[in-house]
Amino acid sequence: MSLAVKTLRDADPWQTASYMVVLTGTSNPAPSAWPHTLRAIWNREDAQDRRRALIAVTHLAHQQPQQVAQFLSSLGLLDFADSEQLKCLPYGRDLTLFLLCLHIAAPEKCATGVGKLLEAAVAFRSKSVLLHTLTALTHLTARHPGRYDDHASGLPGLLDALQQKQWQAALDKLVDAAAPAWASTLRAATAEQIESTARSLAERLTAGPATPSGALRLRALADVLATRSRRLVHRCLDLLAEAAASPESAEPVAKYLLAPLLSQESGRTGVAAARDWCRRRLSPTALTHGRDAERGATGVVARALAADKVPLPAATVAACLPSPPDPARCRTSTLRRWLSDPWPPALTVAAAAGGHPVAERALALHVTLEPPATGAYAVRLREALGRLAADHPDALIGPLQQDAVHSGDLSGLKRLATMGPDMLTAVLEDPGHRETLLTIAKILQDSPAGLKALGVKLQTVATTQGGLLPAGVEETVALLTATRNAEIHKAVLSSVGEQLHRYAAHWGSQDPLGTLTPVLAVMEDRGRETRATAGPPYDHHARQFMLAANEAYLLRIALHAHFDDLSARPVDQFLRDVEGLAFAELPLFLPPGDGEIALHAWRRRFEHLPHLCRRLAAANHRAAARALLDRVLDFTNRVHPSGKGNWRDGLANDWRRYLRVVGLEDRERLTGTILDFAGRDIAFAKQLVEVAGQSLGDISPELYALMRDPRTPPALMPALRSTASWAGRAAHGEAWTEVFAEVASARSRPLSREADRTPLTRRG
């Protein structure tokens, strides 16, 4: 054991990470061993190693709570007396899980630790630690009523201490995370006590601007009222709406109380009561003065329903607005009240999207008005139509296009075109809506208002991100030459490169190399010239030209990998040209600050080479294909020798289809090939084990051999065990459970002797 501890103390980060993978993948590891090995890793004083050790402890808390409590106490971690202790905590969700498991291991220490961690996070201004500690506190107060009530009661004072400028951007997230915990202090409150809390909040709003603690109490009150009686909900909302005498006081009531309350399940009594309260206090026919839409009950409802940053679902908006018994008999004058000030235009569009019958008729009237509506209100309504059409294309994208054609005002189309692919998902998933997007793109390209670049961008998104076949070679050239906007060029080139992974055959007969190479060369020259003459520092447009040049360079590599004629010249000569592009100095076109040494930039250089290797193997150039992969591995190991983890896993995943070819080429050498990859890159070895199992069906002989081979690194063992569960039959010798036990015993017994003979060093 002492030699194992010494070995881990001197190991590199990759080896300690591999040990942690093995430890967390082992059920109920020996309690006499792991505290010593983890303590050796902890004493290395490396923040990343310490984070991994705490994540490993999280996995062990359910199995060995007493040992975990003793281990954490020995670290002295729960004092959080300095910022260095915060740096070793797990990130994000892992921190929440760590605190929850700490309660399992040592409830008293957890209660003390959470309190000190909250104080330390505020003192050292760690927003992430504070956010995820509050999330953990919410879970703890829900699961263990009473034990953490003191912490929850102190949250208003904690948030009031965060009024410095650096906390402002994070306050909304912190309020949302802390609100359920503070709401737990009211879990047993009577209706009178809750009404008293609402009255106290109303008095605070009347006295001055809302504080962070006021926002917290309002947000928590939304959770509390969701399950309370109709009378209590109406009474509390009336009290707070009466106090919202100005736009400044109406905003927090709408944002932190009413909107979160309305967003909950409609079947809850308090939520249904809140919707009814809204219908009684906001109506287009009753709203006659602009000031009423900004204050009081009317202003609170209007702000909650028309929230832009975190909008309510359209169906919720529709349910919160009044509707007459017979909507079809509404007069035109009534419909026009939905289309003019002081009524918020976003409410009309959202309600129509949510199926409100009067709002639907009002929107239809707007689209067909003669003459078309003009002025600032009409522009705002069209922009809202473009913004909401992305989420509700079934109801809105048709009227959006119809209104633009009818009125000639492209404000709504412009708003839609500025959205990225992620925001247009609902539109791109439907073939009919994608065709409408292409029509809208054509309208923008043909407009005289300088919107051609936006039209090209929207056409590119609809074509390449929407599941349509990629544009042909000539169409791609037309897109690239239609505008000098480098940002559009970058998007077009990037999308084409992504589509080649699936649709390369679509371009096979169109001479893509001969047609596109001159266009790409122009873009590369422009980027090279910009880099030489524009800076640094580079402005936005200069950076876009350089990034577009980089995309052109990457597409050139992809075109050679997919379309170069392998029989036209000796393969060695061909590979020299491709490798000259793929392994060139990285900062060729990338501007400073945009990933000159970033690992993902290298990964993108190599992402089409697996297809080239498959082509080489199919043409009986198997040795050349394997040599190209070996060079990639040697190169990445040299530029980033400790590059293990997510980036390296992603790189290995890019090569899966070629690794399948490797696994099928020579089964007699498969075990040796896996061991060779394990020495070069453990992620590639794991991928080869998995794809070989998928391709060969039963790789029991190879799995048996690898598990018993002393050259097999421990980090590969979880992949071997996992693959054995679905791709290994027990007919080859004894049962797998017996093999696992035998291998675990053999590897733990001679650990000290192995440490003497073979120091734990990274292969390759």
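**Notes on the model**

1. A search of the whole structure finds 36 salt bridges, a salt bridge being a side-chain nitrogen of Lys or Arg within 4 Å of a carboxyl oxygen of Asp or Glu. This is a predicted model, in which local features need pLDDT of at least 70 and side-chain atom pairs count only at pLDDT 80 or more, while totals for chains, interfaces and linings use all residues. Residues are numbered from 1 along each chain as its sequence is written, and side-chain values use heavy atoms, with hydrogens and water left out.

2. The protein has 44 helices and 0 strands, where helices (H or I, at least four residues) and strands (E, at least two) are DSSP runs numbered from the N terminus. Its C-alpha atoms fill a box of roughly 85 × 70 × 55 Å along the principal axes. The accessible surface comes to about 34000 Å², and 51% of that belongs to carbon and sulfur atoms; accessible areas come from the Shrake-Rupley method with a 1.4 Å probe, and for residues only the protein chains shown count as cover.

3. Of the 764 residues, 52% are buried, where buried means under 20% relative accessible area, exposed over 50%, and partly exposed in between (1.4 Å probe, protein chains only). Among contacts with a separation of 6 or more, 74% are made by residues 24 or more positions apart, contact meaning heavy atoms within 4.5 Å.

4. Within helix H13 (residues 191-207), glutamate 195 and arginine 199 lie 4 residues apart, about one turn of the helix, and their side chains meet in a salt bridge (3.2 Å, N to O). Glutamate 195 is buried at a relative accessible area of 15%, whereas arginine 199 is partly exposed at 33%.

5. Aspartate 676 and arginine 680 form a salt bridge (3.6 Å, N to O), and they too are 4 residues apart, in helix H39 (residues 670-680), a separation of about one helical turn. Salt bridges with shared partners join this pair to Arg626, Asp630 and Asp634 in one network. A further bridge links aspartate 577 to arginine 569 (2.4 Å, N to O), where aspartate 577 is partly exposed at 41% relative accessibility and arginine 569 is partly exposed at 23%.

6. The largest nonpolar core has 163 residues, and Leu130 and Leu305 have the most contacts inside it; such a core is a set of buried Ala, Val, Leu, Ile, Met, Phe, Trp, Tyr and Cys residues joined through side-chain atoms within 4.5 Å. Apart from it lies another core, of 65 residues, including Val632 and Trp736. Neighbours within four places in sequence aside, leucine 130 is in contact with Leu118, Ala121, Val122, Leu158, Leu162, Trp167 and Leu174.

7. Helix H9 (residues 127-143) has 17 residues that should span 24 Å at 1.5 Å a residue, and its end C-alpha atoms are 25 Å apart, which agrees; the expected span is 1.5 Å times one less than the number of residues. Among the buried residues of H9 are Leu130, His132 and Leu137, and its buried residues pack against helices including H7 (92-105), H8 (107-123) and H12 (171-183).

8. The search of the whole structure finds 0 disulfides, a disulfide being a pair of cysteine sulfur atoms within 2.5 Å. For cysteine 110, the nearest cysteine sulfur, that of cysteine 101, is 9.8 Å away. Cysteine 110 is buried at 0% relative accessibility, and cysteine 613 is buried with a relative accessible area of 0%.
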